[in-house]
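Let's take a walk through this one, starting with the surface and the overall layout and then moving on to the charged pairs and a nonpolar spot.

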Amino acid sequence: FPFSSFFQPTDIAMPKKAIAFQVRWLSIDGQVRSKERLRATLETWPEICADVEWPNIQTKLKNFCRKRGLCYKVQYQNGTELEDLCGPNSLRRFFQLHREALQSDCVELPLFLFADPTDGTSVGTEAESEEIVLEVEEQGSTINLSLQSDLLLGEGGVGKVQRALYGKGYVAVKSSLPNQRAQDSMKTEISTLLQLNHPNIIK
């Protein structure tokens, strides 16, 4: 199709185009946790208008994440970088990158969902929330600190990272699995971090 008319709206009724997003769920450390397929239909084809397509695609992506009870940022790959898919302009760039793939009969476009701990909106239910109790040393005394976690940010072979409300903001809490290997790994990591000095490291 001509690039000059690719994103221009048209008054002429055009056939719809079925596509699928190959969604890759990324953990907080950037590793692919799983892959799923999300189907969508382009209402403007072959002259795709991103302003028309975005509301429907945005709703599908929100529902896709909400059903899984997680807060995720939707991104796409542009060269070696991941960029946010957050509006008609970014959707337009996304379609430009995949304009050749859109010509095939079976269209699958890659998207990435990255855990977003900065999103203060919890989409989980009360039953899905988890209380985290930490023992904290303060002025020579041990106190119990109770936090409410509402979002799993990532998990691996030795532990998991959760978002939790602390005061008026959110913090990331990493905990080890209840086995000796995981706990030894956590102790080694803590010991290494305590040796580092940087303005952004809180001890």
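This is a predicted model: local features need pLDDT of at least 70, side-chain atom pairs count only at pLDDT 80 or more; totals for chains, interfaces and linings use all residues.

Of the chain's 203 residues, 32% count as buried.

As for the fold, you'll find three helices and nine strands in the chain. Reading from the N terminus, the order is β-β-α-β-β-α-β-β-β-β-β-α. If you look at contacts between residues at least 6 apart in sequence, 50% of them join residues at least 24 apart.

Now for the charges. Side chains of opposite charge can pair when their charged atoms come close. How many salt bridges does the structure hold? There are four, and a few of them are worth a visit.

Begin with lysine 16 and glutamate 43, which form a salt bridge whose closest N and O atoms are 3.3 Å apart. This pair ties together distant parts of the chain: lysine 16 sits in the segment before strand E1 (17–26), while glutamate 43 lies in the loop between strand E2 (32–42) and helix H1 (50–66), 27 residues apart. Lysine 16 is exposed, at 56% relative accessible area, and glutamate 43 counts as partly exposed, at 36%.

Next, look within strand E2 itself. Arginine 37 makes a salt bridge with glutamate 108, and here the closest N and O atoms are 2.7 Å apart. Again the partners come from distant parts of the chain, with arginine 37 in strand E2 and glutamate 108 in strand E5 (residues 108–115), 71 residues apart. Both ends get some cover: arginine 37 is partly exposed with a relative accessible area of 42%, and glutamate 108 is partly exposed with 33%.

Glutamate 189 belongs to helix H3 and lysine 174 to strand E9 (residues 169–176), so the pair links distant parts of the chain, 15 residues apart. Glutamate 189 is partly exposed at 31% relative accessible area, as is lysine 174 at 41%.

Finally, where is isoleucine 201? Look in the segment after helix H3 (180–194). Isoleucine 201 is partly exposed, with 32% relative accessible area. Together with Leu193 and Leu196, Ile201 forms a nonpolar patch on the surface, and the three share about 230 Å² of accessible area. Patch members need over 30% relative accessible area, a cut-off that isoleucine 201 passes with its 32%.

Notes. Residues are numbered from 1 along each chain as its sequence is written. Side-chain values use heavy atoms; hydrogens and water are left out. Patches are made of residues with over 30% relative accessible area and no salt bridge: like charges are joined within 9 Å, nonpolar side chains (Val, Leu, Ile, Met, Phe, Trp, Tyr) within 5 Å. Accessible areas come from the Shrake-Rupley method with a 1.4 Å probe; for residues, only the protein chains shown count as cover. A salt bridge is a side-chain nitrogen of Lys or Arg within 4 Å of a carboxyl oxygen of Asp or Glu. Helices (H or I, at least four residues) and strands (E, at least two) are DSSP runs, numbered from the N terminus. Buried means under 20% relative accessible area, exposed over 50%, partly exposed in between (1.4 Å probe, protein chains only). Contact means heavy atoms within 4.5 Å.
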